[in-house]
Amino acid sequence: MEPQRQNSSYHGDQQSLRLRQVSSPASNQNHPHFNWNPGPEEDEVDGSETQQDLRTLGLPMGLKRAVRQVQQMKIPVVSSSDSWKLKRTKTLRTIKARGREVLSFLTLWKKTLQKIGGNFGGGVKSYFLFLRFLVVLNFFSFLLIGGFILIPSIVLTSVDTQLVNSTGQEECLEYDPNPQGLVLFYDYLLDLLSGTGFMEYSFLFYGYYSMKDSSYSLPLAYLLTAVFYFAFCLICIIVRMGTAARVTVATGGGAVGNYSSIVFTGWDYGCLGDRATKLKQNNIRYQLQVDLEEERLKQQAAALTASQKLLLYSLRVSMFFVAVGFIAAALYGIFVATEFSQGRSGDEGILGLVFEYLPSIIITAGNFVVPLLCDQIASVEKYPPTVTIILALLRAVVLRLAGLIVLLSTLWSQITCNGQTTSGECQLCQYDHKNYPCWESRIGQEMYKLTLFDLLINMATLVLAEFPRRLLVDSWSNKLTQWVGRQEFVVPANVLGLVYGQTVVWTGTLFCPLLPLINTIKFIVLFYCKKLTLFQNCRPALKTFRSTTSNFFFLLVLLLGLGIATMVMIYSVAQIHPSMACGPFRSLPNIWSIVPNSFYSLSDVTQEFLFFIGSQAFSIPLFTLSCVVMCYIIALASVYGKSVALLRAQLKAEGKDKQFLVKQYEKLRQQLQMPEQSGGL
């Protein structure tokens with residue numbers, strides 16, 4: 001009995017080893033047994049158990065393939081309902097697979113992005129991924145606006161519905177943007193660039209849309225579409241931020257986790273051909289380069305003495321105030337340029353066009369010069385690459401978004417007579433009708449000019465600066481050209497350009513509904529311009545940065561821009577009196593008044609239902625339920641966080657145990673004078 005029990009124990013201990021060995025026909029008793037007739041329940045769960053059996057069995061691949069073929073050939077006896085479930089599961093599986101293939105085929109610029117990541121690293125690739133996200137976001141936003149505002153307005157115009165008469169002083173109702181008499185082609189070009197003339201009274205701007213007597217309430221649709229547009233953009237940004245946050249958490253938020261992710265899961269086994277393989281190798285090499293550089297800077301910072309740290313922190317504080325001074329000077333320049341431009345708005349010709357574009361010129365110049373000065377400051381501050389990127393983004397976003405706020409504040413102060421709507425030029429119409437007969441279209445024109453000027457500047461920079469620099473460096477070989485060198489693709493400045501452009505679009509969409517379409521075309525053109533200059537004029541950056549943490553920060557800055565644009569919309573909707581001579585809200589005291597007016601026109605049952613939703617009887621239970629769900633999610637996240645921390649601690653402990661065992665083995669081998677085995681442990 002004792003040998004039999006020992007034999008049984010031996011076979012039990014060696015079971016996992018026998019499963020790993022390749023079976024031979026000579027020992028049938030050691031074959032792992034397999035069920036050749038899976039029941040309908042197994043297929044019903046997508047065949048997961050059967051596939052798991054095949055993966056865990058220690059059989060040759062040829063035998064596994066034969067098992068799978070026999071399983072597919074056998075037809076189990078099932079009922080009609082089970083057969084229908086099986087067919088439905090297989091059909092859904094096929095539809096999902098085909099849907100993934102179609103989505104993968106329709107993905108914009110997939111091969112181009114792979115090439116960019118392989119040649120210039122994940123940081124530069126993250127910029128183009130961000131640009132692609134904005135292209136898709138603007139395109140779907142245009143579909144939303146076109147479906148609820150543009151198409152109904154075209155239909156209502158074609159059926160010749162009557163306009164609702166606007167009430168107010170006759171002087172407040174005067175507005176005729178159409179040019180009188182013969183118009184030259186030269187004037188058409190100026191109007192196209194400035195958004196005036198024939199462009200002002202078109203579907204592009206707010207002033208063209210009117211309140212018409214029909215069953216479709218265009219004013220209500222106009223306002224609600226703007227609200228849903230902002231909500232749609234918010235949801236898209238939050239979803240993408242969640243994806244970026246998951247990647248950051250998965251990598252551990254640091255170099256160690258990122259290194260493990262790159263080593264064990266970074267390779268793409270779908271790479272076909274030498275070219276794709278080389279691109280992926282370069283991409284991984286750039287990511288590891290970033291981690292090594294950050295670790296080196298952390299070691300240097302840890303080796304500093306107390307006096308050196310005090311000197312470094314003092315230098316950083318002083319450089320911070322210098323950067324704030326540069327930003328304040330640029331904002332003051334925008335304020336002066338806006339006031340001067342609005343005062344000379346009546347000038348015509350090229351000089352008038354220059355005066356109209358003066359705020360855009362000053363904003364663009366400040367956005368170009370101040371970041372260059374801040375980059376020189378950053379070289380003195382000696383932060384790690386990721387921190388340097390974040391600081392550059394923060395300074396640039398403060399400059400760009402604050403400049404936009406200064407521009408809008410200056411315009412609003414002139415439209416509302418510095419807030420004195422009951423005196424001076426604003427006494428008659430509650431806004432400065434003499435200089436701004438349709439102030440909504442004027443703000444839309446400013447946002448239109450900022451968007452168009454940004455595109456023109458990018459194209460001019462490509463043709464007049466980047467290509468000549470590359471030709472100069474490649475043609476001449478001296479110390480000056482070697483010092484200048486080919487330019488690097490600076491990710492923070494380019495990302496902030498996208499955020500600034502998108503914030504301008506969000507700000508002006510209420511006053512220029514077709515601005516998302518213009519921005520979609522602009523970003524598509526910008527993608528190909530940046531791609532061209534990247535491969536033709538740029539060299540791989542000497543200092544790259546980790547894209548996993550930067551992607552989340554890019555979206556956070558974009559969310560900040562959306563918040564600023566939302567505040568602009570709320571102020572325009574709730575505070576400023578709409579223009580009496582143009583727009584769908586011309587007869588209302590403010591834009592928001594269309595909501596209560598439409599509410600009281602509903603049926604009594606609908607009003608009671610909406611009142612109930614807004615009452616305490618509905619809001620308090622909803623708030624309580626939301627708090628319970630939030631507490632549950634927070635507790636779940638805390639448990640998961642502790643589990644992850646315990647697993648990491650366990651991995652570190654196991655690593656230390658292995659190191660201890662290796663040392664003990666070496667010590668024991670030296671004591672016994674055993675020859676070292678070539679195979680290791």
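Predicted model: local features only at pLDDT ≥ 70, side-chain atom pairs only at ≥ 80, totals over all residues.
**Figure 1. The salt bridge between Lys449 and Glu356.** A salt bridge is defined here as a side-chain nitrogen of Lys or Arg within 4 Å of a carboxyl oxygen of Asp or Glu, and the count by this rule is 4. In this pair the N to O distance is 3.9 Å. Lys449 belongs to helix H16 (residues 439-475) and Glu356 to helix H13 (residues 349-356), so the contact ties together parts that are 93 residues apart in sequence. Helices are DSSP runs of H or I with at least four residues, numbered from the N terminus. Lys449 counts as buried, at 3% relative accessibility, and Glu356 is likewise buried, at 14%. Buried means under 20% relative accessible area, exposed over 50%, and partly exposed in between (1.4 Å probe, protein chains only).

**Figure 2. The network of Glu356, Glu446 and Lys449.** Salt bridges link these three residues. The side chains of Glu446 and Lys449 meet at 3.3 Å, N to O. Both residues lie in helix H16, 3 residues apart, about one turn of the helix. Glu446 is buried, as is Lys449.

**Figure 3. The salt bridge between Glu666 and Arg669.** The N to O distance is 3.0 Å. Both residues lie in helix H23 (residues 616-672), 3 residues apart, a separation of about one helical turn. Glu666 is partly exposed, with a relative accessible area of 27%, whereas Arg669 is buried at 15%.

**Notes.** Residues are numbered from 1 along each chain as its sequence is written, and side-chain values use heavy atoms, leaving out hydrogens and water. Local features need pLDDT of at least 70 and side-chain atom pairs count only at pLDDT 80 or more, while totals for chains, interfaces and linings use all residues.

Technical notes
Helix = DSSP H or I, 4+ residues; strand = E, 2+ residues; numbered from the N terminus.
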